Every structure is written in structure tokens, then in C-alpha cells.
Amino acid sequence: AILNKPDRQLSEGSLETERLLAQLLCQYQNTPGGLLPLLQDIQEDLGFIPPESIPGIAEVMNLSAAEVHGVVSFYHDFSTRPGGRHCLQVCVAESCQAVGGRELARVARETLGVEFDEVTADGAVELKKVHCLGNCACSPSVRIDNETYARLDAAQLQVLIADLLTRENTA
């Protein structure tokens, strides 16, 4: 199998990860335009796209590693490193900035104690900035995991973060 070659061993290493990747590669191998759905499934199942898997993905999809890397690095929903157990995305697009988005970004960074593209020390929350959540009419907006929250102010965001951390600590 492509992922079992010694030069393609995944640093995250588990046999379960290798099997999942091999299964997904087989599933999408002959699918025209299958790269994006393949990458989405890998991201969904593993929480990231292991960089070591890019050559194998490229080979199976009949693309260059540079093409696969280009797609992975272009879309903000893809990551090449494990993230937090939860993801807080703060919209930094113009519409959100015009009505308080910068304040939400500041509050998120200060409350979590991390900068954008960092994960809290306990691994609970990754903070990401996005350039649009598709919710411009209801700015400013954030998304926590798959739930979008609109027309927020700083106090409301602090409550959302506190609730998230409380749920995380009681789980």
C-alpha cells in the first residue's frame, strides 16, 4: 500500500490512521474531481491533513505533491497539524470589522491566552481567524466548531468561551 512505504510513514503514526487514509484513498482514487472531497474527509476524520500523506494522496489522485499542497494550503478549513478539540473562528472580514470584529478578536485572544493559529495549552481550543463566515448581514460573527454566532459583542463572546471551557472541563 502506498502509505506503508518507509518514506511515507506518518509521524502521527498509528496503524488506525494509516488504515483510514488507505481506505479514503481507495474510495476516491477513480473519482473525477475527488481531491477536495478526499481532503475534506481526511480533515473531518483525523482533524488535520498529515503532511506525510501528501505524496501518497498526489500519487493516487495522479497529481503532483505541489498541486495537493497548494490545495491544502489555499483553503482555511484544511490544516496540516492537529488542532484543538474545539475550534473558535473569528471573522476578520471588512463587514465584521466595521461593527466590532476587532474587539471580538482581541477578546478571544485575551480570554484564551493564545494568538490566532495557536491552541490553548490544554489542547482544548484552537483560535483561528477567517475572512468570511458567509454571515455578513449579521456581523460580527464567530463560529465555534460548526455553530455560527452572529451580532455578538465582547461580553457575549466571553460567555460563549466560558461555556465552551466549562463543557470541556466537565467532559
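Leu112 is in contact with Leu88, Thr120, Val125, Leu127, Ile161 and Leu165, leaving aside its neighbours within four places in sequence; contact means heavy atoms within 4.5 Å. The model is predicted, so local features need pLDDT of at least 70 and side-chain atom pairs count only at pLDDT 80 or more, while totals for chains, interfaces and linings use all residues. Residues are numbered from 1 along each chain as its sequence is written, and side-chain values use heavy atoms, with hydrogens and water left out.

**Nonpolar cores**

- The largest nonpolar core has 20 residues, of which Leu88, Val90, Ala108, Leu112, Leu127, Val142 and Leu157 touch the most other members.
- The elements giving two or more residues to this core are β1 (86–91), α6 (101–112), β3 (125–130), β4 (142–144) and α7 (154–170).
- A second, separate core of 18 residues includes Leu25, Leu39, Ile42 and Val72.
- A nonpolar core is a set of buried Ala, Val, Leu, Ile, Met, Phe, Trp, Tyr and Cys residues joined through side-chain atoms within 4.5 Å.
- Buried means under 20% relative accessible area, exposed over 50%, and partly exposed in between, with a 1.4 Å probe and protein chains only.

**Overall architecture**

- The chain holds 7 helices and 5 strands; helices (H or I, at least four residues) and strands (E, at least two) are DSSP runs, numbered from the N terminus.
- Read from the N terminus, the elements follow the order α-α-α-α-β-α-α-β-β-β-β-α.
- The C-alpha trace spans about 50 × 35 × 20 Å along its principal axes.
- Of the 171 residues in the chain, 40% are buried.
- Among contacts between residues at least 6 apart in sequence, 60% join residues at least 24 apart.

**Packing of α1 and α2**

- Helix α1 (residues 15–28) and helix α2 (residues 35–46) have axes that come within 10 Å and cross at roughly 155°; axes are lines fitted to C-alpha atoms, for helices over the stretch in contact, and angles run from 0 to 180 degrees between N-to-C directions.
- Helices α1 and α2 are therefore roughly antiparallel to each other, given that angles under 35 degrees count as roughly parallel, over 145 as roughly antiparallel, 65 to 115 as roughly perpendicular and the rest as oblique.
- The contact is made by Thr17, Leu20, Leu21, Leu24, Leu25, Gln27 and Tyr28 of α1 and by Pro37, Leu38, Asp41, Ile42, Asp45 and Leu46 of α2.
- By class, this contact of α1 with α2 has 9 nonpolar, 2 polar and 2 charged residues; Ala, Val, Leu, Ile, Met, Phe, Trp, Tyr, Cys and Pro count as nonpolar, Asp, Glu, Lys and Arg as charged, and the others, Gly among them, as polar.

**Packing of α2 and α4**

- The axes of α2 and helix α4 (residues 65–74) come within 11 Å and cross at roughly 60°, and the two helices are therefore oblique to each other.
- Leu35, Leu36 and Leu39 of α2 meet Val68, Val71 and Val72 of α4 in this contact.
- The contact of α2 with α4 has 6 nonpolar, no polar and no charged residues.

**Two buried residues**

- Phe78 is found in the loop between α4 and β1 and counts as buried at 9% relative accessibility.
- Not counting residues up to four places away in sequence, Phe78 touches Leu36, Leu39, Gln40, Gln43, Ile49, Val71 and Val72.
- His86 lies in strand β1 and is buried, with a relative accessible area of 18%.
- Beyond residues up to four places away in sequence, His86 touches Ala124, Val125, Glu126, Asp145, Leu164 and Glu168.
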